[in-house]
Every structure is written in structure tokens, then in C-alpha cells.
Amino acid sequence: VSIPVTFICAGNRRKEQNMTKKTIGFHWGCAAVGNSVWTGVRLCDLLAHVGVDRQSREHRFVHFEGPLGELPQGETGAYGTSIDMGWALDRERDVLL
């Protein structure tokens, strides 16, 4: 699947994040934005392929994690994030891998 995407850097939220807890990385302000065509597999299709077709107690979130040592701080130095399973299963959301 290929779709056009406007993508923002997570650093765009860093000012607000730092108001709650100090983070590492550069504060971009609101300037880190780009447009491109992304190609990949829909996450909802992959989840269906492995038998996950609805949110449950066992399947509440999808967690993504980068390689160990990518960041200079933290327990493993890995960047991670997660999304709600309902979002991941929604074909209209176009979550691509």
C-alpha cells in the first residue's frame, strides 16, 4: 500500500513534554514537518494475519521499539512508543509498517 503522508517529528511536542518531565533531544518548535509517499503493509492486515481482530484484555496496545543503544540515555537507550489497539485495527487510520 502506498499513501501520501504529512509527517511531524516527535520533537514538535518536546516543549510540552518537558513541562511534565525533562526529556532528551532537540526542541524543534513546530518546524519539523515533511511530506512523502510511504509504502508498507497495513498494521491491521498484519494483526488480522496473526489472529488479532479486536481489542481485548490481552491485546490493548501495540508497542513499537527502536534498536538498543539508539538514544544516549535511558535504561536500554531505545526509543519506544505505543498506540491503542482500536486505532491499530482501524483500516481508515492507515497505520503502515
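The model is predicted: local features need pLDDT of at least 70, side-chain atom pairs count only at pLDDT 80 or more, and totals for chains, interfaces and linings use all residues. Residues are numbered from 1 along each chain as its sequence is written, and side-chain values use heavy atoms, with hydrogens and water left out.

Helices (H or I, at least four residues) and strands (E, at least two) are DSSP runs, numbered from the N terminus. Val50 is exposed, at a relative accessible area of 57%. The classes are buried (under 20% relative accessible area), exposed (over 50%) and partly exposed (in between), with a 1.4 Å probe and protein chains only.

Three salt bridges are present in the structure. A salt bridge is a side-chain nitrogen of Lys or Arg within 4 Å of a carboxyl oxygen of Asp or Glu. One joins Asp94 to Arg42, with 3.3 Å between the closest N and O atoms. Asp94 lies in the segment after α3 (85–89) and Arg42 in the loop between β2 (33–39) and α2 (43–49), so this pair ties together parts 52 residues apart in sequence. Asp94 is partly exposed, with a relative accessible area of 30%. Arg42 is buried, at 18%.

Arg91 and Asp45 also meet through their side chains in a salt bridge, at 2.5 Å from N to O. This pair likewise links distant parts of the chain: Arg91 is in the segment after α3, Asp45 in helix α2, and 46 residues separate them. Both partners are partly exposed. Arg91 has a relative accessible area of 43%. Asp45 has a relative accessibility of 33%.

A further salt bridge pairs Arg93 with Asp90, whose closest N and O atoms are 3.6 Å apart. Arg93 is partly exposed, at 40% relative accessibility. Asp90 is also partly exposed, at 27%.

The backbone at Asp94 carries another feature. Asp94 has a positive phi of about 50°, although it is not a glycine.

The largest pocket has a volume of about 1,000 Å³. Its lining comprises 25 residues, of which Phe7, Ile8, Thr81, Ile83 and Val95 are the closest to the centre. Lining residues have an atom within 4 Å of a point. Grid points are joined across faces, edges and corners, and a volume is the space filled by probe spheres set on the points.

Strands β1 (2–8), β2, β3 and β4 (80–84) each supply at least two residues of this lining. The largest share, five residues, comes from β1. By residue class, the lining of the largest pocket divides into 14 nonpolar, seven polar and four charged residues. Ala, Val, Leu, Ile, Met, Phe, Trp, Tyr, Cys and Pro count as nonpolar; Asp, Glu, Lys and Arg count as charged; the others, Gly among them, count as polar.

Selected C-alpha distances relate sequence separation to spatial separation. Ser2, in strand β1, is partly exposed with a relative accessible area of 47%. Ser2 and Thr39 are 37 residues apart in sequence, and their C-alpha atoms are 4.2 Å apart in space. Val62 lies in strand β3 and is buried, at a relative accessible area of 11%. Val62 and Glu92 are 30 residues apart along the chain, with 17 Å between their C-alpha atoms. Arg91 and Arg60 are 31 residues apart in sequence and 17 Å apart in space, C-alpha to C-alpha.

Technical notes
1 Å grid on protein atoms, 1.4 Å probe; cavity = no way out; pocket = protein on both sides within 12 Å on 5 of 7 lines; lining within 4 Å.
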